[in-house]
Amino acid sequence: MPPRLNESTEKRTFAVLVDNEPGVLARVVGLFSARGYNIESLTVAETDAKAHVSRITIVTSGTALILEQIRAQLDRMVSVRDVQDVTLDPQGIERELALMKVRGRGEQRAEALRLADIFRAKVIDTSHESFVFELTGAPGKIDKFVDLMRPLGLAEMSRTGVLSLTRGVD
């Protein structure tokens, strides 16, 4: 259901702890697709092999009502152990990893290196015509770096998707 004209949409990051068993990811993704919700980023990995627990980090957007419905529907799923809305948690941390190949020579090459230093991106490969940078940070930081690298010769990029945790002891 699309938002009404006076309803604003917002982006949220949900951390979902699930039983690590076949079909769980398909059921979670199916919940989104069946209701027409978009997944902007999806990251999944086992976090506790002994307890058979995986963490699914989902970035999605919608109105406040739709986002609450998503959370409630995730909470009701059988294999879901816990759902956290990391975006609303003041202790929430969101990070992403990106690899970027930037082609260039001369002044553009020097400018790419200067910006990489400012953003604390690591050069993980270099040739006479290109660099491959590794950058970790909040998604907005990576977006800004991409915007600055585009005119300097951004040729290729790969991003992991958002990872999240909360600070402190839970």
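Modeller: Throughout, buried means under 20% relative accessible area, exposed means over 50%, and partly exposed lies in between, with a 1.4 Å probe and protein chains only. This is a predicted model, in which local features need pLDDT of at least 70 and side-chain atom pairs count only at pLDDT 80 or more, while totals for chains, interfaces and linings use all residues. Residues are numbered from 1 along each chain as its sequence is written, and side-chain values use heavy atoms, with hydrogens and water left out.

Colleague: Is E10 buried, partly exposed or exposed?

Modeller: The salt bridge partner of E10 is R12, with the closest N and O atoms 3.0 Å apart, where a salt bridge is a side-chain nitrogen of Lys or Arg within 4 Å of a carboxyl oxygen of Asp or Glu. R12 is buried, at a relative accessible area of 6%. For E10 the relative accessibility is 30%, so E10 counts as partly exposed.

Colleague: Which residues are linked with E10 in a network of salt bridges?

Modeller: Side chains of opposite charge can pair when their charged atoms come close. By the rule used here, the count comes to 13 salt bridges. The network that holds E10 also links R12, E68 and D85.

Colleague: Which element gives the largest share of the lining of the largest pocket?

Modeller: A pocket is an open set of points on a 1 Å grid over the protein atoms alone, with protein on both sides within 12 Å along at least five of seven lines, and lining residues have an atom within 4 Å of a point. The largest pocket is lined by 14 residues, of which K11, V59, E96, P139 and V162 lie nearest its centre. Two or more lining residues come from each of β1 (10–19), β2 (39–48), β5 (92–103) and α4 (139–149). The largest share, 3 residues, comes from β1.

How values were computed:
1 Å grid on protein atoms, 1.4 Å probe; cavity = no way out; pocket = protein on both sides within 12 Å on 5 of 7 lines; lining within 4 Å. Helix = DSSP H or I, 4+ residues; strand = E, 2+ residues; numbered from the N terminus.
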